[in-house]
Amino acid sequence: IAPFISGLRITNADNRDIIGFINNQSFRAFVYVNISDNQTGIDFNSVKADLSSLNDINQIGMRNKDTCTQSGNIFICSWSVDIQLNQSKTASILFNASDIGSNVRTETFNYEFNVDNADPVVTSLRSSRVICLASKT
């Protein structure tokens with residue numbers, strides 16, 4: 001039985017989940033997935049991700065994992081990546097993992113990004129305080 005891949009998480013450099021809106025500037029992020037195998041063990045040289053959909057400027061392609069850290073019977077594998085998107089999109093990220101018995105698992109996860117390039121615009125200004133200016137003559 002091939003390893004099981006689950007739990008996609010994408011965080012910024014402050015370890016905060018990236019949800020909602022981003023701008024179109026490049027920023028460092030970290031991609032995490034959980035990988036488990038109860039049979040023969042994971043072949044860590046096979047753990048890869050295609051991160052191309054996370055950068056519209058530089059094609060990243062398929063990359064080996066940066067790290068895998070064990071937490072119980074699950075390995076949390078991670079990749080650092082510079083995310084830069086020109087427009088809102090659903091990014092599809094493909095992951096591969098094999099076990100020592102050469103059983104291969106491929107999983108694709110989708111992640112929604114909303115790119116907001118518009119500067120804020122002040123449409124009104126109000127105050128609950130009244131300020132009187134008096135002039136001396």
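**Strands and loop residues, term by term**

Tutor: Strand β6 (residues 67-71) and β7 run antiparallel, joined by five bridges. This is a predicted model, where local features need pLDDT of at least 70, side-chain atom pairs need pLDDT 80 or more, and totals for chains, interfaces and linings use all residues. Residues are numbered from 1 along each chain as its sequence is written, and side-chain values use heavy atoms, without hydrogens or water.

Student: What makes β6 and β7 a pair?

Tutor: Two strands (DSSP runs of E, at least two residues, numbered from the N terminus) pair if DSSP finds at least two bridges between them. β6 and β7 have five bridges, so they pair. In one of these strands, β7, F75 is the bridge partner of Q70.

Student: Which residue takes a positive phi in the hairpin of β6 and β7?

Tutor: G72, with phi near 70°. The hairpin has two residues between the strands.

Student: How do you know that β3 pairs with β7?

Tutor: Count the bridges again. Strand β3 (residues 27-36) and β7 share nine, in the antiparallel sense. F30 has S80 as its bridge partner in β7. V31 stands opposite W79 in β7.

Student: Why is β7 called largely enclosed?

Tutor: Buried means under 20% relative accessible area, exposed means over 50%, and partly exposed lies in between (1.4 Å probe, protein chains only). Strand β7 covers residues 74-83, and seven of its 10 residues are buried, so the rest of the structure largely encloses it.

Student: What makes β1 and β6 edge strands?

Tutor: Start with the order. Four strands form an open sheet, β1-β3-β7-β6, with antiparallel pairing. β1 and β6 each have a single partner strand, so one side of each has no neighbour in the sheet. From one strand to the next, the twist averages 25°. Axes here are lines fitted to C-alpha atoms, with angles from 0 to 180 degrees between N-to-C directions.

Student: Why is N15 called partly exposed?

Tutor: N15 has 43% relative accessibility, so it counts as partly exposed. It sits in the loop between β1 (4-12) and β2 (21-22). Phi of N15 is positive, near 65°, and N15 is not a glycine. Most residues other than glycine have a negative phi.

Student: What makes S102 exposed?

Tutor: Its relative accessible area is 61%, so S102 is exposed. S102 lies in the loop between β8 (89-99) and β9 (104-115). S102 has a positive phi too, about 70°, although it is not a glycine.
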